[in-house]
Amino acid sequence: MTTSYEPLPIEPLSLLLSCQTYICHHLDKIGSLNALPKEVKDELRRFAITEHLVNDMTLELFLPSNADAKEIDLEGCDRITDHSIMTVTRKYPSLTSLNLAWCQYVSPSAVTKALQSSPHIIQLNLSYMTNFDDQSLVNISNLYPQLRHLSLQGCTAITDAGLIKLVTKCTEITYLNISHIKSLTSASLKAIVSSLPKLATLDVSWGSPEAFSDGTMQKLGKAGQKLQHLAVADSLKVTESALTKLVQQLPALTSLDVSYCKELVVSSPEKFAKSMPPLLRFLAPGVPLSEAAILKLLETLPELQELNISSNDQLRPTLIQALVNNPGIGKGLQILTLGASKHIPALLVLSLIEARPTLSVTFYALAN
């Protein structure tokens with residue numbers, strides 16, 4: 001006997017989303033998610049965080065079952081409180097990496113107290129914990145002089161005083177993100193340059209207009225021999241002359257972010273391109289780079305893998321046509337972000353994609 005089944009009256013994707021929504025909205029009634037495949041559990045976690053459903057009662061469902069876990073990522077869990085952070089550090093004493101980005105209801109005092117249970121931390125993300133202040137930084141530096149990776153992005157309550165104390169004590173730091181903090185001045189950056197000899201990644205984007213000064217760039221050029229990734233987005237001090245002098249002194253640099261540095265007007269494309277170290281990644285959205293400057297960069301940097309030139313009103317079809325007709329230009333390019341343009345026909349971009357099938361292009365055509 002043959003058994004037949006009626007097709008489901010709902011699309012599989014819709015059914016999956018419905019199940020996901022139901023589970024996440026009933027987390028308080030679920031005992032454990034450990035029996036689920038890791039990919040499913042991760043997807044549920046992402047959905048629950050997006051919907052602000054992770055709190056002190058439900059966080060336990062998404063934590064590792066292994067007490068020897070080295071990394072805990074709580075980024076975006078904006079409804080957890082001090083109770084959760086205390087529980088996490090007690091449960092996982094072997095932690096080396098903790099991400100508390102956007103955990104705005106966790107107090108600095110609770111973080112300090114909780115971290116005393118985790119002496120092995122070398123990687124700490126405190127991004128957008130806006131109540132984190134100078135005393136909190138001093139406490140961190142006393143607990144973790146061995147710290148290597150620190151993100152303070154958007155921690156707007158800290159000042160030069162706290163950051164200078166931290167970097168003079170935590171001299172093993174190789175990664176530092178202090179972007180989106182308007183209160184920091186060039187004094188902090190000078191202390192960073194002189195105190196962190198192993199620094200490989202520095203992000204000072206979207207800070208005080210005067211923070212990244214000419215003097216700071218000179219010091220960075222002399223001391224930043226190991227610097228590989230530099231982000232200075234939205235800096236008024238980044239001009240063609242200043243940037244050229246800086247990057248010529250940074251031989252290890254492979255990633256440069258000058259997004260929205262609107263004073264970066266290139267008058268000598270060839271000189272500018274030749275000053276660049278062998279970059280793999282160059283991000284320049286909102287920078288008024290000419291077609292000549294872009295093409296010269298691509299010719300001079302054959303290993304360049306990612307280029308972002310979006311939000312640039314100077315982009316014209318001739319740039320895309322040059323890339324279609326000359327496969328040797330930018331031959332290593334894997335990611336090209338053009339953004340939105342009313343000057344470049346969509347069909348021309350399609351021709352570029354056909355000519356370079358390994359190239360990923362982000363483009364939005366706008367009506368004239």
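A residue is called buried when its relative accessible area is under 20%, exposed when that area is over 50%, and partly exposed in between. In this predicted model, the buried residues of helix α3, which covers residues 82-91, are Ser 84, Ile 85, Met 86, Thr 87, Val 88 and Thr 89. Over the protein as a whole, buried residues make up 48% of the 368 residues.

**Overall build**

- The protein contains 13 helices and 12 strands.
- Its C-alpha trace spans about 70 × 65 × 35 Å along the principal axes.
- Of the contacts between residues at least 6 apart in sequence, 77% join residues at least 24 apart.

**Helices α3 and α4**

- The buried residues of α3 pack against β1, β2 and α4.
- Helix α4 includes Thr 112.
- Thr 112 has a relative accessibility of 12% and therefore counts as buried.
- Leaving aside residues up to four places away in sequence, Thr 112 touches Asn 139 and Leu 143.

**Aromatic pairs**

- The model has 2 aromatic pairs.
- In one of them, the ring centres of Trp 102 and Tyr 128 are 4.2 Å apart and the ring planes meet at 15°, so the pair is stacked; planes under 30 degrees apart count as stacked.
- This pair links distant parts of the chain, 26 residues apart: Trp 102 belongs to the loop between β2 (97-99) and α4 (108-115), and Tyr 128 to the loop between β3 (123-125) and α5 (134-143).
- Trp 102 counts as partly exposed, at 38% relative accessibility, whereas Tyr 128 is buried, with a relative accessible area of 18%.
- The rings of Trp 206 and Tyr 260 form a pair with centres 5.9 Å apart and planes at 45°, so this pair is tilted.
- Here too the pair links distant parts of the chain: Trp 206 lies in the loop between β6 (201-203) and α8 (214-223), Tyr 260 lies in the loop between β8 (255-257) and α10 (269-275), and the two are 54 residues apart.
- Trp 206 counts as partly exposed at 29% relative accessibility, and Tyr 260 is partly exposed with a relative accessible area of 29%.

**Cysteines**

- The count of disulfides is 0.
- Cys 77 is in no disulfide, and the nearest cysteine sulfur, which belongs to Cys 103, is 5.7 Å away; a disulfide would require sulfur atoms within 2.5 Å.
- Cys 77 counts as buried, at 3% relative accessibility.
- Cys 261 also counts as buried, at 0% relative accessibility.

**The largest pocket**

- The largest pocket has a volume of about 330 Å³.
- Its lining consists of 16 residues, of which Lys 38, Asp 42, Arg 45, Phe 62 and Pro 64 lie nearest the centre.
- The elements that contribute two or more residues to this lining are α2 (38-50) and β1 (71-73).
- Helix α2 gives the most, with 5 residues.
- By class, the lining of the largest pocket has 9 nonpolar and 7 charged residues, with no polar ones.

**Cavities**

- There are 3 cavities of 30 Å³ or more.
- The largest cavity has a volume of about 80 Å³.
- Among the residues that line the largest cavity are Val 204, Ser 205, Trp 206, Gly 207, Ser 208, Ala 211, Phe 212 and Asp 234.
- The lining of the largest cavity divides into 7 nonpolar, 4 polar and 1 charged.
- The second largest cavity has a volume of about 70 Å³.
- Ile 178, Ile 181, Leu 184, Leu 189, Val 204, Gly 207, Ser 208 and Ala 211 line the second largest cavity.
- The lining of the second largest cavity has 6 nonpolar and 2 polar residues, and no charged residues.

Methods
Residues are numbered from 1 along each chain as its sequence is written. This is a predicted model: local features need pLDDT of at least 70, side-chain atom pairs count only at pLDDT 80 or more; totals for chains, interfaces and linings use all residues. Side-chain values use heavy atoms; hydrogens and water are left out. On a 1 Å grid over the protein atoms alone, a cavity is a set of points where a 1.4 Å probe fits but cannot get out, and a pocket is an open set with protein on both sides within 12 Å along at least five of seven lines; lining residues have an atom within 4 Å of a point. Grid points are joined across faces, edges and corners, and a volume is the space filled by probe spheres set on the points. Helices (H or I, at least four residues) and strands (E, at least two) are DSSP runs, numbered from the N terminus. Ala, Val, Leu, Ile, Met, Phe, Trp, Tyr, Cys and Pro count as nonpolar, Asp, Glu, Lys and Arg as charged, and the others, Gly among them, as polar. Rings of Phe, Tyr and Trp (its six-membered ring) pair if their centres lie within 6.5 Å; planes under 30 degrees apart count as stacked, over 60 as edge-to-face and the rest as tilted. Buried means under 20% relative accessible area, exposed over 50%, partly exposed in between (1.4 Å probe, protein chains only). Contact means heavy atoms within 4.5 Å.
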